[in-house]
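Welcome! Take a moment to look over the sequence and turn the model around before reading on.

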Amino acid sequence: MAETDQTTAAPVVKIKKYANRRLYNTATSSYVTLENLCQMVKDGQDFVVEDAKTGEDITRGVLTQIIFEEESKGGQQLLPIGFLRRLISFYGDSLQTLVPSYLEVSMASFQRNQEQMRQYMAEAFGEMFPFRSIEEMGRQNMAMFQRAMTMFNPFVAGMTEGGADKAAGDKAAPGEKPEVDTLKKQMEELRKQVEALARNKG
């Protein structure tokens, strides 16, 4: 039987995981696979996974397993090696507690802009790719993240506005934040990739 999230009034399906690793959907009274759960995520269906014996919430582990399965299929991987290395390096770091909030805010922002991003990518193959628009979107996303971090921890705001920027000031252009400088480099890499794809297509 489905539960209800009081904050969103959206049904939350309870999945039970048994010792034999089988997953049971209590809403449909049927066994499901990781692939089924992956599709539920894509469909916007929220769920929690509990250990059938102990009742422990193991949703995080199951979602991580889904990502591992998707990354192992040999198609288009979403997690670059560089990103994984940087992510691993934050475990045990003093900034570890800030990373989840940063990733969540960044991904939520990207998701809100996904339709516009799809349009930009489609136009890229017509030699109409608006790099300036995407760069501006990146600036807005970074500004939004900094505002969110201010609410989470005022000390972080001081770092982003002063200490951190000052430490990286020599690497950034005058008047620009180092995050924007990094974003520019990423956009340049994206531009090169799109141009390469366009050449291959032609």
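How much accessible surface does the protein have, and what share of it belongs to carbon and sulfur atoms? The accessible surface comes to about 14800 Å², and carbon and sulfur atoms hold 55% of that area. Please keep in mind that this is a predicted model.

## The overall layout

The protein has 8 helices and 5 strands. Reading from the N terminus, the order of elements is β-β-β-β-α-β-α-α-α-α-α-α-α.

The protein counts 202 residues, and 23% of them are buried. Among the contacts with a separation of 6 or more, 45% involve residues 24 or more positions apart.

## Strand 2 and its partners

Strand 2 covers residues 11–17 and pairs with strand 5 in the parallel sense, over 6 bridges. To find this pairing in the model, look for Val13, which stands opposite Phe47 in strand 5.

Strand 2 also pairs with strand 3 (residues 23–25); here the two run antiparallel and are joined by 3 bridges. In this pairing, Ile15 stands opposite Asn25 of strand 3. Strands 2 and 3 form a hairpin with 5 residues between them, and Arg21 in the turn has a positive phi of about 75 degrees.

## A look at the tyrosines

A pair of aromatic rings is described by the distance of the centres and the angle of the planes. The structure holds 1 aromatic pair. Its members are Tyr24 and Tyr31, whose centres are 5.1 Å apart with 70 degrees between the planes. This pair counts as edge-to-face because the angle is over 60 degrees.

Tyr31 has another neighbour: the charged end of Arg22 sits over its ring, 3.8 Å from the centre.

## Helix 2 and what covers it

Helix 2 takes in residues 59–71.

Which residues of helix 2 are buried? They are Thr59, Val62, Ile66 and Glu71. The cover over these buried residues includes helix 1 (34–42) and strand 5 (46–51).

Notes. Residues numbered from 1 in each chain as written. Predicted model: local features only at pLDDT ≥ 70, side-chain atom pairs only at ≥ 80, totals over all residues. Heavy atoms only, no water. Phe/Tyr/Trp six-rings, centres within 6.5 Å; stacked < 30°, edge-to-face > 60°. Lys NZ or Arg CZ within 6 Å of the ring centre and 35° of its normal. Helix = DSSP H or I, 4+ residues; strand = E, 2+ residues; numbered from the N terminus. Expected span 1.5 Å × (residues − 1). Buried < 20%, exposed > 50% of the residue type's maximum accessible area, 1.4 Å probe, protein only. Contact = heavy atoms within 4.5 Å. Pairing = 2+ DSSP bridges. Areas by Shrake-Rupley, 256 points an atom, 1.4 Å probe, with all protein chains shown as cover.
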